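Visitor: I am new to this structure and would like a close look at one part of it. Could you take me through a sheet and the helix that lies across it?

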Amino acid sequence: MLNPISLAFKKAKQENRAALLTYTVAGDSSKKQSLDILKSISKHADILELGVPHNTPVADGSQIQTSAYRAIKNGIKMNDIFKIVKDFKKSNKNKPIILMGYFNMIFQYGENKFLNKCNSSGVNGLIVVDLPWPENKNFAKKCKKKSIYFIQLLSPTTTTKRLNKIIRDSHPMNYFISMLSTTGGKLKVSPNDILKNYTKIKKIDPKKEIVIGFGITEKTIGKLKSADGLVVGSAICKEISKSLEHRQNPVTNVSKLVKKLKSKIL
Amino acid sequence: MKIKKKIPLIDQANKLGFWGGKFGGNYVPETLKKPIEDLEILFNKLKNDKRFIAERDKYFKNWVGAPTRFIKLENLTNHVGGAQIWSKVVSDANGGAHKIYNATVHCLLAKRSGKKFIIGDTGAGYAGKMLSMAAKKFGLKCKIFMGAKDIARQQPNVKAMKKNDAEVIPVYSGSQTLVDAVSECMRYWVANCDTTAMCVGSTVGPAVFVRICGWSTSQISRELKIQLIDEFGSIPKKLKLYNCVGGGSSSFGFWNEFMDYDKKQCEFIGVEAGGPIKSKKHAAPLTYGSKIGILHGAAQYVNQNSDGQIEETESISAGLDYPGISPLHCFLKDTKRARYTAASDEDALSAYKIVTKFEKLRPSLEPSHAFSVAIKEAKKLNKDTIVVVNSCGDAYKDREILKKRLGKKYVEPN
């Protein structure tokens with residue numbers, strides 16, 4: 001059976017649009033609430049990235065850090081995260097889930113045990129922020145054996161030579177970081193320049209799906225809609241923080257935001 | 001796992017940057033791969049370039065002030081009544097600590113690569129102060145990331161950084177100490193690596209930063225080797241080198257030139273920060289058996305919980321208050337070349353009292369940890385043994401803490 005991630009891209013293509021990928025942090029602001037958010041936004045989003053919170057993140061901006069610290073403070077553990085995925089999948093069997101996090105969490109869990117648990121709970125892909133190529137070669141192979149996509153990150157600083165090598169080794173989906181920034185930075189390059197880079201990468205192997213992430217908000221998403229997929233993370237985390245601050249329900253607010261995001265790329 | 005002879009330890013990592021096959025590496029976001037590779041190419045070229053070495057030595061000699069003194073602590077030796085106790089007074093260096101070596105080299109590298117901005121992290125404030133000094137000297141704009149808790153407890157160094165026109169950026173995340181400062185500094189570099197050079201303040205971080213820092217602080221042992229031969233005619237038969245270990249930059253630099261000697265002749269003793277006696281928290285991952293994990297781009301022994309979250313540390317000394325430890329020290333521990341132990345906050349304070357009572361030397365709280373263990377062990381040794389303690393920082397920055405914990409009489413007027 002095809003990985004649900006590929007099915008999601010296929011479906012979006014049939015509808016002649018980019019796939020919408022969301023990022024929320026597991027356990028933000030509680031285990032139950034993050035599950036409720038996933039369930040609620042799955043109506044609009046094509047692929048759900050679920051962040052594994054870590055307390056020394058070297059690539060996350062303040063919005064995602066706030067979400068991650070909040071989740072850790074509320075006691076989220078690796079096994080709770082797998083349980084959230086499993087519970088979600090009970091009612092959304094075909095909605096793809098990608099776990100995104102830092103390598104130490106996998107390293108401490110044990111690579112093989114981690115992947116087995118991914119399989120049994122229904123994780124379809126992994127993004128490991130601080131395990132770049134070629135360091136990730138062995139782990140990516142292990143993922144492949146388990147039919148889990150290991151998603152390679154590509155950046156504006158990645159040289160052409162390196163791009164070619166990474167894409168040659170890559171699984172069907174890759175992630176292009178729009179600009180030099182941590183997550184949630186203000187978009188400091190024009191959408192046109194981002195798409196130029198995107199096209200360059202896409203040409204290397206047109207069969208591979210390339211999503212764009214970092215700095216994408218309600219305002220900018222429409223201008224990038226020609227990509228295979230677009231990831232929104234910090235804007236969602238910010239919405240959760242704002243809702244909590246105003247004592248509003250994050251689940252409904254986030255759901256509204258994701259619906260709006262979706263409408264911009266239709 | 002084995003140390004090779006005649007090859008500098010910083011060059012004993014494998015192709016992916018791992019010492020002993022498992023410590024170090026480059027666990028970094030994709031965006032940093034290219035700037036790190038560029039820095040590696042530059043450093044590998046320049047570290048063997050005679051003109052670059054001459055330039056470095058010129059600044060070390062004329063600006064940093066090499067060599068720093070090597071002195072016998074006669075009164076302390078008589079008081080303790082065992083081994084001869086000596087000190088390498090690295091705090092003589094311009095700015096008052098060993099951090100000046102790494103800062104100088106990073107600024108020289110930044111100039112060579114055409115960068116106009118440099119950023120760095122700091123705990124005790126020495127790494128930041130020295131980077132601000134060097135940046136000013138070499139005409140680079142400088143930002144220093146420092147935990148809010150450390151800003152409050154190390155004010156003299158914060159003032160010095162500002163005086164050198166550096167922007168001090170307080171970090172409020174996590175425990176608001178060094179670990180968070182390093183994270184924030186790396187995050188800033190992720191977003192600005194096209195224009196900005198990064199200096200990691202110790203022998204930690206992605207492999208190239210470990211190497212650059214180790215290469216820079218090795219100045220300490222180059223000087224000491226000459227000074228020992230001048231004093232004793234040869235390297236003493238029984239030499240013990242005591243150094244505090246936080247990230248591990250001063251201790252590595254203090255030991256590097258003696259690496260190939262048998263440990264029965266030249267023993268290395270690293271003293272970590274054990275934290276307050278009554279607290280379970282500490283900053284001593286090697287002493288208390290922490291597991292290997294990944295922190296700031298490198299695999300190392302690190303204080304963490306079973307899930308892999310980095311644990312908060314506690315120590316009176318901001319410079320040692322770091323949950324991880326250099327991959328170089330992990331390698332030295334597992335190959336048994338160095339021995340590691342810890343001293344508590346209270347141990348360090350009483351060592352400071354003893355040293356300042358008998359000698360005209362004011363070690364900061366960091367080397368006071370090393371003095372504590374050196375004094376205890378020297379008692380049991382005879383006078384043929386030469387104990388050398390690296391007094392790698394001056395206590396001026398600790399005056400508020402010392403005043404509070406020990407009383408006014410232990411703090412000299414400016």
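Guide: Helix α5 (residues 126–137) of chain B lies across β5, β6 and β8 of chain B, where contact requires that C-beta atoms, placed from the backbone, lie within 7 Å. Its direction is at about 160° to β5(B), with axes fitted as lines to C-alpha atoms, for helices over the stretch in contact, and angles running from 0 to 180 degrees between N-to-C directions. Helices (H or I, at least four residues) and strands (E, at least two) are DSSP runs, numbered from the N terminus.

This is a predicted model, in which local features need pLDDT of at least 70, side-chain atom pairs count only at pLDDT 80 or more, and totals for chains, interfaces and linings use all residues. Residues are numbered from 1 along each chain as its sequence is written, while chains are lettered from A and ligands numbered from 1 in the order in which they are written.

The sheet in chain B is open and has four strands in the order β7-β6-β5-β8, with parallel pairing; two strands pair if DSSP finds at least two bridges between them. At its edges are β7 (167–171) and β8 (196–199) of chain B, each of which pairs on one side only, and from one strand to the next the twist averages 25°. Within this sheet, β5 (residues 117–122) and β6 (residues 141–147) of chain B pair in the parallel sense over six bridges, and T122(B) stands opposite M146(B) in β6(B). In general, strands of a sheet pair through backbone hydrogen bonds, either parallel or antiparallel.

Key
Two residues are in contact if their C-beta atoms, placed from the backbone, lie within 7 Å.
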